[in-house]
Amino acid sequence: MLLPRPVEGAEGPYDAGYLPRVEMCMRLVDEAITEPVAKLGGDPVWLEEPCWPMNPRTGEPLDFIGQIPVPVELGDELRMAYLFLSYEDYETGGMDPEDGEAVLLVQPGGRIPGFATIGPAGTKGRSLFAFDAEEEMVSVEFRIEMRPVADVRERYLEKDGIIDADNYIGGKADYRQWAGVEAPWRFFFSLVCTGDTGPYFLNFGHGAGYAYLSPDGLEGRFGWDAA
């Protein structure tokens with residue numbers, strides 16, 4: 001699997017903490033993915049005991065959005081980051097990375113953020129969904145394929161600080177306004193807003209959502225930035 005690796009010297013969310021940058025291509029699947037691979041939707045494939053976050057404000061389980069392998073040095077064990085977001089009245093949680101309505105968990109050996117509310121054993125919420133023609137929620141699942149960004153395109157995108165705004169892992173983030181977190185959090189991956197007519201629903205105020213990791217890769221944050 002093509003996956004960026006940690007970069008020495010990165011200090012915060014505006015650095016390229018993981019290189020190379022790779023694009024995430026979403027492929028809709030017909031059968032549930034039960035392997036610890038990169039995906040959106042479906043059920044989380046846990047590497048330790050299940051650990052489902054709750055919305056601290058409403059007490060409802062957060063929606064499982066997807067799982068992304070954590071960049072590690074070659075030869076290190078596989079770790080996975082699991083993203084959970086709230087959903088309420090067409091709004092996706094994550095405006096504040098530490099209000100508990102957006103939780104990025106790391107397994108194995110990860111730290112649960114202090115602001116996260118974890119449900120009791122057996123807690124299970126909804127997974128990523130789309131709206132059908134009748135505006136009904138329909139669960140969807142996508143395999144994520146990693147595609148390298150061509151050298152020529154990479155140089156073009158980096159010119160004058162302009163970065164590609166598609167779904168991607170690693171490199172420098174394309175922030176609409178600001179990162180929402182400070183050092184030492186390092187940019188991990190980005191997901192764009194899709195709206196209610198997209199292949200899956202994520203409402204980031206016409207902007208994008210950004211995942212971050214601690215320098216040791218054991219704790220995560222997620223927040224979004226509107227356009």
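Author: Two residues are in contact when heavy atoms of theirs lie within 4.5 Å. By that definition, and leaving aside neighbours within four places in sequence, I169 is in contact with L3, P4, P20, R21, V22, M24, I68, M146, F188 and F189. The model is a predicted one, in which local features need pLDDT of at least 70 and side-chain atom pairs count only at pLDDT 80 or more, while totals for chains, interfaces and linings use all residues. Residues are numbered from 1 along each chain as its sequence is written, and side-chain values use heavy atoms, with hydrogens and water left out.

I169 belongs to the largest nonpolar core, which has 34 residues. Such a core is a set of buried Ala, Val, Leu, Ile, Met, Phe, Trp, Tyr and Cys residues joined through side-chain atoms within 4.5 Å; buried means under 20% relative accessible area, exposed over 50%, and partly exposed in between, with a 1.4 Å probe and protein chains only. The residues with the most contacts inside this core are I169, M24, F188, F189 and L191. Among the elements that give it two or more residues are β3 (22-28), β14 (141-148) and β16 (186-192); strands (E, at least two residues) and helices (H or I, at least four) are DSSP runs, numbered from the N terminus. A second, separate core of 12 residues includes W46, F84, L105 and A116.

The aromatic rings come next. Rings of Phe, Tyr and Trp (its six-membered ring) pair if their centres lie within 6.5 Å; planes under 30 degrees apart count as stacked, over 60 as edge-to-face and the rest as tilted. The whole structure holds 22 aromatic pairs. W46 and F84 form a stacked pair, 6.0 Å centre to centre with 10° between the planes. W46 lies in the loop between β4 (39-41) and β5 (53-54), and F84, 38 residues apart from it, lies in strand β7. W46 is buried at 18% relative accessibility, and F84 is buried at 0%.

Y90 and F201 are edge-to-face, at 6.0 Å centre to centre and 80° between the planes. Y90 is in the loop between β8 (87-88) and β9 and F201 in the loop between β16 and β17, so this pair ties together parts 111 residues apart in sequence. Y90 is partly exposed at 36%, whereas F201 is buried at 5%.
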